Amino acid sequence: MAGILCCCAKVFKWVPVLFISAIVAWSYYAYVVQLCILTVDSIIEKVLYIIFYHMFLVMFAWSYARAIFQPIGVIPKEFFLSKQDLESLENEERGDRQDEILRRLAKNLPVYTRTLAGGIRYCDICKAVKPDRCHHCSVCQACVLKMDHHCPWVNNCVGYSNYKFFILFLMYALLYCLYVAATAAQYFVEFWSNSLGQSAGKFHILFLFFAAAMFALSLVSLLGYHLYLVSANKTTLESFRTPVFRTGPDKDGFSMGTKVDNIKEVFGDDKRMWLLPVFTSRGDGVIHQVRVPTDTDYLLANVPPRPSTTLPSTTTEDRGAMLPECAVSYCVTLPKDTDSKGDGRSYPTRTESEDSDHLLAERQRWAEEGMDSDTTNNDDSVKIDINNSGVINDGMEEETSSTQSDRLA
């Protein structure tokens, strides 16, 4: 029963793709047959319409197919936990000890992002340390490199391996819709005003124009949003949830500095290949350049893993040697002529007598007045005295001591 439900779910996932394919197939018949062949009178106009239509259609279909069938980026095997490490992690109940185990396992891995709590990003389903910008897709049941989102219209996760194809799919789909709407607008108006009379293809052309215009409006906003993400080198997930680095959250942590460099991260260095549905993205989807914060600017660097180190009480030179490389690089050095006092470990403090001499004087005066006024009171009255060392004693102890002296005498 579970297998049947799983198969039905897989088939159901292809419904959006089949819907888009059916719309494109119908639009081909409506545009080529009903509009160009049966409605347009000029031969030259027919030929030009059909040639440019097929150019946009081929690029659109090519990009769409690459976005659908391109395999998602998978995590390298070194990010997966061994059987022994997995057992030690699962047997540990304390969260801080689990985090220590993950830190030890990720010590030599190129990971720089962290969880909101500052821990190592770990996938409980895939049993692997997550590379930077990698997220688990509940639909694909896998961790996807540089995951942007799961798109039901392509029945695939949009990530590192097919993000360029997805952008080109949106762009060529928009151009396809705009071209169809622009060339059919004239005949749409004529059919709407009944200047061309009644024909079997009238409703095809009317609906073709409406469909192309509505799809174009929706694609404009979607394409514009993703072009903004590309120019900032962000993903959809990162735009909604700021990535956390070892130095803290940074919404522009993966920015390369300029929009052109950010675009090259997705489309590659060869600008001649930008408009072709051919994979040209930079890197491998695992290691990403990050911005390292300094006092004045952000420097682009491939930041190595920085181990968590507890500094013992050693000299300044020893502590500087134990700091991570990038932290030592950005430490501020004081001028040589700066004369600092002390050794950095012990600091002068105000003594109690300096800080509260006025208060103690008031207490002394109050105590003396109380002793004079309480001589006629009963033996249970409490008297306060302050010895030379600044310690306050109550009168009962003094009275007890005097009583004991009288008895001894």
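This is a predicted model: local features need pLDDT of at least 70, side-chain atom pairs count only at pLDDT 80 or more; totals for chains, interfaces and linings use all residues.
**Figure 1. Overall content of the chain.** The chain holds 13 helices and 13 strands, taken as DSSP runs (helices H or I, at least four residues; strands E, at least two) and numbered from the N terminus. Of its 409 residues, 37% are buried, meaning under 20% relative accessible area with a 1.4 Å probe, protein chains only, whereas exposed means over 50% and partly exposed lies in between. Residues are numbered from 1 along each chain as its sequence is written. Local features need pLDDT of at least 70 and side-chain atom pairs pLDDT 80 or more, while totals for chains, interfaces and linings use all residues.

**Figure 2. Packing of helix 2 against helix 3.** The axes of helix 2 (residues 15-37) and helix 3 (residues 43-69) are 11 Å apart, at an angle of about 175 degrees. The two helices are therefore roughly antiparallel, a term for angles over 145 degrees. Contacts (heavy atoms within 4.5 Å) join residues of helix 2, including V17, I20, Y28 and I37, to residues of helix 3, including K46, Y53, F60 and I68.

**Figure 3. The loop at Q141.** Q141 lies between strand 4 (135-137) and strand 5 (142-144). Although Q141 is not a glycine, its phi is positive, about 55 degrees. Q141 is exposed, because its relative accessibility is 52%.

**Figure 4. The loop at N233.** N233 lies between helix 7 (202-232) and helix 8 (236-240). Phi of N233, a residue other than glycine, is positive and near 55 degrees. With a relative accessibility of 4%, N233 counts as buried.

Conventions
Side-chain values use heavy atoms; hydrogens and water are left out. Axes are lines fitted to C-alpha atoms, for helices over the stretch in contact, and angles run from 0 to 180 degrees between N-to-C directions. Angles under 35 degrees count as roughly parallel, over 145 as roughly antiparallel, 65 to 115 as roughly perpendicular and the rest as oblique.
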